[in-house]
Amino acid sequence: YDENATARLFAPVAGRAVEIRANLGDSVKAGDVLAVLDAPELGTAAADLAKARADAQFKKAALDRVKSLFAAEVVPRREFEAAQADWQQAQAEAERARLRLANLAPGGASEAGSQRYLLRAPLAGVVAARNINPAMEVRPDATEPLFVVTDMRRLSVLVDVPERDLPVVTVGKATRVEVSAYPERSFEGKVIRVAPTLDPQTRRVQARVTVDNHDNLLKPEMYARVAILADAKEEVPRVPIGALLVEGVKNYVFVERDTGVFEKREVTLASQTRNHAYVWTGLKAGEKVVSVGALLLSAELASSSR
């Protein structure tokens with residue numbers, strides 16, 4: 001998922017699911033109710049707020065009475081100051097109760113005068129995961145989110161980049177993404193982030209590529225192949241995959257130097273797709289390579305050297 005367009009929703013209060021309004025795969029809008037929870041703690045917080053506000057109003061009325069009596073010199077200043085302090089304390093208590101209710105039900109996500117909590121989608125997208133069932137007890141310290149809502153049009157590809165390819169994989173580079181589900185189609189992307197550190201276990205650097213998924217063909221957790229495209233000013237030779245000879249970690253091609261004369265030459269690849277490889281070094285544009293029978297030539301070269 002694109003984490004900037006994904007919301008993992010947990011219950012901020014303990015309670016019981018009484019109604020589920022969204023299912024896996026549903027499209028939702030920002031503010032849509034996904035589930036209704038019965039949360040006694042929320043009801044208690046709402047009652048505390050109502051009580052605190054009523055007490056503040058009572059203390060305010062008492063202060064107004066004492067203030068008028070004090071102005072008429074009927075009561076001493078001490079009583080006026082005490083009434084004023086009582087009203088300020090009642091105001092502070094009402095604000096504390098309001099903040100507690102706002103913390104339990106952010107954005108007013110509850111029915112007025114009720115202990116029903118409305119779990120709403122904070123953004124528009126698709127319900128990608130649902131881990132809640134009717135009558136299920138929920139807690140705010142759960143390990144799995146109740147819902148995952150994400151914009152499926154915005155996905156990212158995580159690429160493990162070998163050290164040798166780091167000069168090629170830079171932020172802003174255009175990419176072509178291919179998946180097995182659609183072998184005849186590629187998707188445009190762009191490198192948006194390259195990790196600053198190397199994974200000591202894999203000896204790779206992770207890069208993130210954003211990809212356009214407006215047709216909703218790509219799915220999260222798919223395996224993908226990513227080709228880094230050269231800039232407009234860069235031109236690199238392209239050879240068929242069948243022309244490559246892989247020996248260990250090195251790549252070779254047979255280059256025709258003259259009619260019937262071939263040279264085995266080591267090349268460095270800039271990128272590789274299902275059908276072609278783009279040569280970074282070792283080959284010049286216009287040179288002819290053996291695309292059919294390269295393995296046979298390699299076997300004959302090995303036998304002649306013996």
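Which residue in β4 is the bridge partner of Ile20? The bridge partner is Ala35. Before going further, please keep in mind that this is a predicted model, in which local features need pLDDT of at least 70, side-chain atom pairs count only at pLDDT 80 or more, and totals for chains, interfaces and linings use all residues. Residues are numbered from 1 along each chain as its sequence is written, and side-chain values use heavy atoms, with hydrogens and water left out.

Strands here, like helices, are DSSP runs numbered from the N terminus (E, at least two residues, for strands; H or I, at least four residues, for helices). Two strands are said to pair if DSSP finds at least two bridges between them. Strands of a sheet pair through backbone hydrogen bonds, either parallel or antiparallel.

**The five-stranded sheet**

A second sheet to look at is also open; its five strands come in the order β14-β18-β17-β16-β15, again with antiparallel pairing. Its edge strands are β14 (238-240) and β15 (245-247), each with a single partner strand, so one side of each lacks a neighbour in the sheet. On average, neighbouring strands of this sheet are turned by 55° against each other, direction ignored; for such angles, axes are lines fitted to C-alpha atoms (for helices over the stretch in contact), and angles run from 0 to 180 degrees between N-to-C directions.

Inside this sheet, β16 (residues 250-258) and β17 (residues 261-272) run antiparallel and are joined by seven bridges. Tyr252 stands opposite Glu266 in β17.

Arg265 is in strand β17 as well. The side chain of Arg265 makes a polar contact with the side chain of Glu287 at 3.0 Å. A polar contact is a pair of N or O atoms within 3.5 Å; within protein, one must be able to donate a hydrogen and the other to accept it, and residues adjacent in sequence count only if both atoms are side-chain atoms. Not counting residues up to four places away in sequence, Arg265 touches several residues, among them Tyr252, Gly282 and Glu287; contact means heavy atoms within 4.5 Å.

**Four residues compared by burial**

Buried means under 20% relative accessible area, exposed over 50%, and partly exposed in between (1.4 Å probe, protein chains only).

| Residue | State | Relative accessible area |
|---|---|---|
| Asn213 | buried | 1% |
| Ala7 | buried | 10% |
| Arg265 | buried | 18% |
| Ala224 | partly exposed | 33% |

Asn213 sits in the loop between β12 (204-212) and β13 (224-228). Leaving aside neighbours within four places in sequence, Asn213 is in contact with Met152, Arg153, Leu155 and Leu218. Ala224 lies in β13. Although Ala224 and Glu178 are 46 residues apart in sequence, their C-alpha atoms are 5.6 Å apart. Ala7, in strand β1 (residues 6-9), has contacts including Pro122, Leu123 and Phe147, with neighbours within four places in sequence left aside.

**The chain as a whole**

What does the secondary structure come to? The chain has three helices and 18 strands. Its radius of gyration is 34 Å, well over the 19 Å that the globule rule gives for 306 residues, so the chain is more spread out than a compact globule. That radius is taken over C-alpha atoms, and the rule is 2.2 Å times the number of residues to the power 0.38. Along the principal axes, the C-alpha atoms fill a box of roughly 120 × 45 × 35 Å. Of the 306 residues, 33% count as buried.
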